[in-house]
Amino acid sequence: MNSLLYLLPILFPLGAGLFVLLAKPKRVGRFSCVAAGLTVASVALSMGVHGSCEHRLSYNLVLLLHADRLSFFFLLLISVAFLITMICSCEYLHGARRRHIFFGFLFLTLSAMMGIALAGNLVTFYMFFELMTLFSFPLILYQKGERSALAGIVYLTYSVFGACLVLLGLFLGGELTLRPFGQPVSAVYSPQQLWAYLMIALGFSCKAGMMPLSNWLPKAHPEAPSPASAILSGVITKTGVLGILRTTYFLFGATALQGTFPQTVLLVLSIATIFTGSMLAYKEQILKKRLAFSSVSQISYAVFGLALMTPAGLCAALFQVFFHACAKLGLFMCAGNYLHYASAHRVEDLVGMGRRMPGVTAAFTCFSLSLIGIPPFGGFVTKWLLASAALTKGGFLPQLGVVILMVSALLTAGYLLSIVSRAYFPGKDFTAERQDAHFPMLGSLAFLVVLSAVFGLFPAPLEQFFCSIAAMVF
């Protein structure tokens, strides 16, 4: 009975989403916040309960749910991120029509992502991964219009192509890709099995926004409501990272993949994406597209850490997942406030926002400093650990990655601090009426800032937890 407790994080948001879509409650925002809070509580209730639940489709095809420390990390990260998004959506979508559709599909997306975190084998992961794509697709279409439809089509096309690569890898891998996640067996893989791994990793890298399958991010973000953009960048992209992590460390085994051509491909693509994403963000003048290109670059930090295939690289990648989620959730919420209250969607529209919206701009500044990697925020810890892991690994590509990380940090400073400087120093003649966000929004932003600062100053508990995850597979 206790082992079934971890089904609650899947079933509870599923039921809440169906209720919101079918019953259309009048106070849908308040109901959604309460239901999201209860989902976090269900995750907390299930923590520490380890077990498995399976359903056999055929003699060798099993749908398997399994809880371990990595599952609970992602369950907690995802559920808290959705709670914050629900709270902020109440203000952002205040008075909007069809709010129940947005909140309903948010809950369905949350349910699918809970399933991804609890998936015990690749088949189950793939099933929930596809459901997440289908449930998140209407979030991009919410604002309607031709451009939203085009963005939704681009998102769906890239997602389906990535899923096809994963499916191809499943077929090429045969029995290997059907076994449960767990302690990988050290083995020497055949060329076909290595190709299977590469296809799976590239398929998941689409959702993680890695080149050459990253174009959906800058297409989808500007057209989706800002809370949906926050979810897309803050946590949905992390499911791609989790897919690569589970496949590399819990299925094939990092030790067996060391020195193979798929590792080289992942290192090259992640390094290229880090640099290219930063360059495109530096040149972009539409705020949400700039943040989208920034996500393309920043999420590949985590892929680079995973591609090192060392315990230190895995720990650094998990740090990046956590701190990037905090920063990008906050940045897109800030962008939504600028758009909602000031109709500002281009970088030049943000002049003087430090005076007009001081609370939101202060939070934007803190999140920017974290992405750049400036203490006391967590981005500094991530970059330090990534560089240390790469230098310890040695070799041309890891060392090149360290150089690109430094260049990317400088570019990140260029495209984010330029916004901050204009916001606080608009000129002598600038005048504007102060109109900051309301308390629930500012409270959510403050919580994310404090979370990044506290764990940036005291990373030891997180490091110990992430090292315990690495110890599971090394």
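This is a predicted model: local features need pLDDT of at least 70, side-chain atom pairs count only at pLDDT 80 or more; totals for chains, interfaces and linings use all residues.
Where is proline 376 found? Proline 376 sits in the loop between helix H15 (358-372) and helix H16 (378-393).

We have 19 helices and 2 strands in the protein. The radius of gyration is 21 Å, close to the 23 Å that the globule rule gives for 474 residues, so the protein is as compact as a globular protein of that length. If you draw a box around the C-alpha atoms along the principal axes, that box is roughly 70 × 55 × 45 Å. Of the 474 residues, 60% count as buried. And if you take the contacts with a separation of 6 or more, 81% of them come from residues 24 or more positions apart.

Now some helices. Let's start with H2, residues 28-46. Its 19 residues should span 27 Å at 1.5 Å a residue, and its end C-alpha atoms are 27 Å apart, which agrees. The buried residues of H2 include Val28, Cys33, Thr39 and Val43. What covers them? Helix H1 (8-23), helix H3 (69-92) and helix H4 (99-118) are among the elements that cover the buried residues of H2. In the loop between H1 and H2 you'll find lysine 24, which has a positive phi of about 50° although it is not a glycine.

Next, H7, which runs over residues 191-207. From first C-alpha to last, H7 reaches 25 Å, close to the 24 Å expected. Of its 17 residues, 13 are buried, so H7 is largely enclosed by the rest of the structure. Just after H7 comes glycine 209, with a positive phi of about 75°. The peptide bond into proline 212 from methionine 211 is cis, with omega near 5°.

That takes us back to proline 376, as promised. The peptide bond from proline 375 to proline 376 is cis too, with omega near 10°.

Serine 300 belongs to helix H12, residues 287-307. Is serine 300 buried or exposed? Its relative accessibility is 0%, so serine 300 counts as buried. Setting aside neighbours within four places in sequence, its contacts are Met210, Ser270, Thr273 and Ile274.

Between H12 and H13 there is a loop that holds methionine 309. Methionine 309 is not a glycine, yet it has a positive phi of about 55°. With a relative accessible area of 1%, methionine 309 is buried.

And in helix H13, residues 311-342, have a look at leucine 331. Leucine 331 is buried, with a relative accessible area of 0%. Which residues does leucine 331 touch, not counting those up to four places away in sequence? They are Leu291, Phe364, Phe367, Ser368 and Leu371. Leucine 331 and serine 229 are 102 residues apart in sequence, while their C-alpha atoms are 10.0 Å apart in space.

Terms used: Residues are numbered from 1 along each chain as its sequence is written. Side-chain values use heavy atoms; hydrogens and water are left out. Helices (H or I, at least four residues) and strands (E, at least two) are DSSP runs, numbered from the N terminus. The radius of gyration is taken over C-alpha atoms; the globule rule is 2.2 Å times the number of residues to the power 0.38. Buried means under 20% relative accessible area, exposed over 50%, partly exposed in between (1.4 Å probe, protein chains only). Contact means heavy atoms within 4.5 Å. The expected span of a helix is 1.5 Å times one less than its number of residues.
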